[in-house]
Protein chains: 2
Amino acid sequence: MGRAVPRVVVLGAGFGGLQCARRLAGEAFDVTIVDRNNYHLFTPLLYQVASCLLAPTEIAAPLRKVFRHADNVHVHVGDVTGVDLDQREVSLDGGERLAYDHLVIATGSTTNFFGNESVASHALGLKDLGEAVNLRNHVLETLERAAHADGDERAALLTFCIVGGGPTGVEYAGALAELVRLVLPLEYPELQVAHVRIVLIEMGERVLASFHPSLGRYAARELEHLGVEVLLGASVQSFDSERVQLDGARVIPSRTVVWTAGVRPAELAAPVSAERTRRGRLVVDERLRVVGHPEVRAIGDIAAAVDADGKELPMVSPPAMQAGRYVAADLLGRAPKRFHYRDKGNLATIGRRAAVCEIGRLRLRGFIAWLTWLVVHIYYLIGFENRAAVMFRWSWYYVRYERPVRAVIHSDRAVGADRAVRAGSDYDPPVP
Amino acid sequence: MGRAVPRVVVLGAGFGGLQCARRLAGEAFDVTIVDRNNYHLFTPLLYQVASCLLAPTEIAAPLRKVFRHADNVHVHVGDVTGVDLDQREVSLDGGERLAYDHLVIATGSTTNFFGNESVASHALGLKDLGEAVNLRNHVLETLERAAHADGDERAALLTFCIVGGGPTGVEYAGALAELVRLVLPLEYPELQVAHVRIVLIEMGERVLASFHPSLGRYAARELEHLGVEVLLGASVQSFDSERVQLDGARVIPSRTVVWTAGVRPAELAAPVSAERTRRGRLVVDERLRVVGHPEVRAIGDIAAAVDADGKELPMVSPPAMQAGRYVAADLLGRAPKRFHYRDKGNLATIGRRAAVCEIGRLRLRGFIAWLTWLVVHIYYLIGFENRAAVMFRWSWYYVRYERPVRAVIHSDRAVGADRAVRAGSDYDPPVP
């Protein structure tokens, strides 16, 4: 249409979308990045928010701040209600429409409950910041209730089930075990650490299935040292908020199930009429273009990009970041004709001093792996200008062995009705 | 009954209750401190949470941590459902009952809407941590909506009304004005600072009525320098979430009313059958004992303690703290026969470099008052072991002129129904 500058709309400000938009900053494109949140979330540290070590905002970089100096990148906070691939237009919940010349779909993934409605209704997730704060509140409130409960009720309150032996489940189980061991002896004279059960439930035959088996075995041993029961080959049939029903008639009385057992590609509010794989990921070609729509790219968890062997890339952040950078380079005409994913390795922590790390054939464990984890995560806190503050806080609490973020804060209580009732009595203060 | 150690129950872990329990730590009393929150809140900095400068947990000291080394002080998180003065027993929402030999009522105050139901239903408060986070979320979401709105709607979205010219209203108005001036030019290219209206509405003839008139005038001038409209002698008749109706038929189209215009003594779920003043405060004698119940003390906002001239003490933190210390000393037999309140002065900030400060006849304003404010507030962050971290953060952001805490986080969404619906589609991922 004779426009001098092509319009790029990026849907999603996760690792993929953010990288793509950052690489287009200052270039001859008019970029709009859309997300329902006003921040980019550093998800690898979510479990630290859930376990009282970091404040939620310490792992959330405000998008407008990230793109403060990029005049050609606009931030739009809102939900996508429709994508019209033929009209090349995105609709948003505020009624706005964004026309594009290039669309980058980077909407990520959501928790997969595999159709289990009882779990979906009663389990806690650990996939976004609201869920992490909910989980922190729930665990702290459960400990308070346990302090004044007895017998079976106390036992159920002190039993925490974590489902899924992937990195999220392992890292949260380790952090929760440490929280309990740190906080209980000093601050809960009513409770004993020995009465707390933390159960990590994994359907497969080992934890950290994406790592070498020796590292998975090491992680399980380390978790057990921290007091975590690792239950392998077990799957959750149902959870009614009081009892966890496992396969084979086993039952665990528990008030807490944290579900980290799977993710699935996010659905857009209005489905994009493009081809998907059986698992729901968008089919893309070797340049990450959606089939039939060369002006539409899909990256990260939502897209079924493949590696050199034709295997689908895992739903984790490194492929998303690399794909985001590739798409930006491709739009700028500086990319090779094929997206090539470079697997730089795998990292997971188990508590405060142990970790596993796999870089090509190199396998590290223990403190050296933990240090590697620390350096990598601090390095990748990109766009976070409070990186120094977070580092300071980490080292401070590492030295002091502390868990600072422990206030239970409920901020979304319905106020209207309740307030009105309270106001009604204001004219006449109670004078019994 | 021959018990060796008298039982003290302290209701409320605000400034009064906390001081009292801390002074009884390590003494020959069995103390239980009860609060509905698991933390003590440093309320003087609430406005900094609402204006994106501090994270909520930075001004919340976990109670169990505060009393970690006090073996004779027990923390009980819960709501009080009844106080039986004859049986000397407190009931809690979990069904527990706490018998006492001495009761200290320190339940504080709550927002006073003076019976105005429309305001109570639609205005935002700034009295607890949940409200501060709600307010922060609301302001940030309102700016996002304004970025994509036009005309009258944009103008209403950009109009922020703050009702009440006391320290809370003045401090929040100044901090909000600074937030807007800091963030908008750099990060909201769609919006202009000049289009933002911040209106401070005060019923009386000046702001900061508890200070010397010259300091109130200075504060109003400083607010106006920051771009705040100070509306004196004006009162809010109603607010329907779109229009603020003032007396005299004046109307301000606005989506935001922050209500800081008054507090009133908190009500206990079950009213205590003790004498109250017309404003609802418990009548106490010169040793802060509730009339007819020498074993019951009341301190802080809930109690109508008087100064040497017989004037009721204001509902602010210093009298509560002094009364808490007095009651502890009195229980220990180390106090004079009469509680004597020492007014150490008054402090309020207006933005980042200005403040007013009144100590006896000494009146300070400007940067020197601001420094005084800073030193006093850091000093009084008692029980906060992260004081060093907060200081670090303050100085860091002071130098960098930043507002770090800007993620909109909703953590109390009802998940059950929504989750179940989403789970239903998991078996069959959408394959259009």
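**Glycine turns, buried cysteines and an enclosed cavity**

Colleagues, I begin at Gly26(A), which takes a positive phi of about 80° just after helix 1 of chain A. Helices here are DSSP runs of H or I with at least four residues, strands are runs of E with at least two, and both are numbered from the N terminus. The model is predicted, so local features need pLDDT of at least 70 and side-chain atom pairs pLDDT 80 or more, while totals for chains, interfaces and linings use all residues. Residues are numbered from 1 along each chain as its sequence is written, chains are lettered from A and ligands numbered from 1 in the order written, and side-chain values use heavy atoms, without hydrogens or water.

Chain A has 12 helices and 23 strands. Of its 432 residues, 57% are buried, where buried means under 20% relative accessible area, exposed over 50%, and partly exposed in between, with a 1.4 Å probe and protein chains only. Among contacts (heavy atoms within 4.5 Å) in chain A between residues at least 6 apart in sequence, 64% join residues at least 24 apart.

Let me return to helix 1 of chain A, residues 15–24. Eight of its 10 residues are buried, among them Phe15(A), Leu18(A), Cys20(A) and Leu24(A). Cys20(A) has 0% relative accessibility and therefore counts as buried. Cys20(B) is likewise buried, with a relative accessible area of 0%. How many disulfides does a search of the whole structure find? The number over all chains is zero, a disulfide being a pair of cysteine sulfur atoms within 2.5 Å.

Cys52(A) has a phi near 75°, a positive value in a residue other than glycine. Cys52(A) sits in the loop between helix 2 (46–50) and strand 4 (60–62) of chain A, and its relative accessible area of 1% makes it buried. Phe114(A), also not a glycine, has a positive phi near 50°. This phenylalanine belongs to the loop between strand 10 (109–111) and helix 4 (117–122) of chain A, and at 43% relative accessible area Phe114(A) is partly exposed.

I turn to the aromatic rings. The whole structure holds eight aromatic pairs over all chains; rings of Phe, Tyr and Trp (its six-membered ring) pair if their centres lie within 6.5 Å, with planes under 30 degrees apart counted as stacked, over 60 as edge-to-face and the rest as tilted. The pair Phe367(A) and Trp370(A) is stacked, because the ring centres are 5.9 Å apart and the planes lie at 10°. These two residues are three apart in helix 10 (residues 367–379) of chain A, and so are separated by about one helical turn. Phe367(A) is partly exposed at 44%, whereas Trp370(A) is buried at 9%.

A cavity is a set of points, on a 1 Å grid over the protein atoms alone, where a 1.4 Å probe fits but cannot get out, and lining residues have an atom within 4 Å of a point. The largest cavity holds about 160 Å³, the volume being the space filled by probe spheres set on points joined across faces, edges and corners. Which residues lie nearest its centre? They are Pro56(A), Val133(A), Pro56(B), Val133(B) and Arg136(B), out of 14 lining residues. Helix 5 (129–147) of chain A and helix 5 (129–147) of chain B are the elements that give two or more residues to this lining.

How values were computed
1 Å grid on protein atoms, 1.4 Å probe; cavity = no way out; pocket = protein on both sides within 12 Å on 5 of 7 lines; lining within 4 Å.
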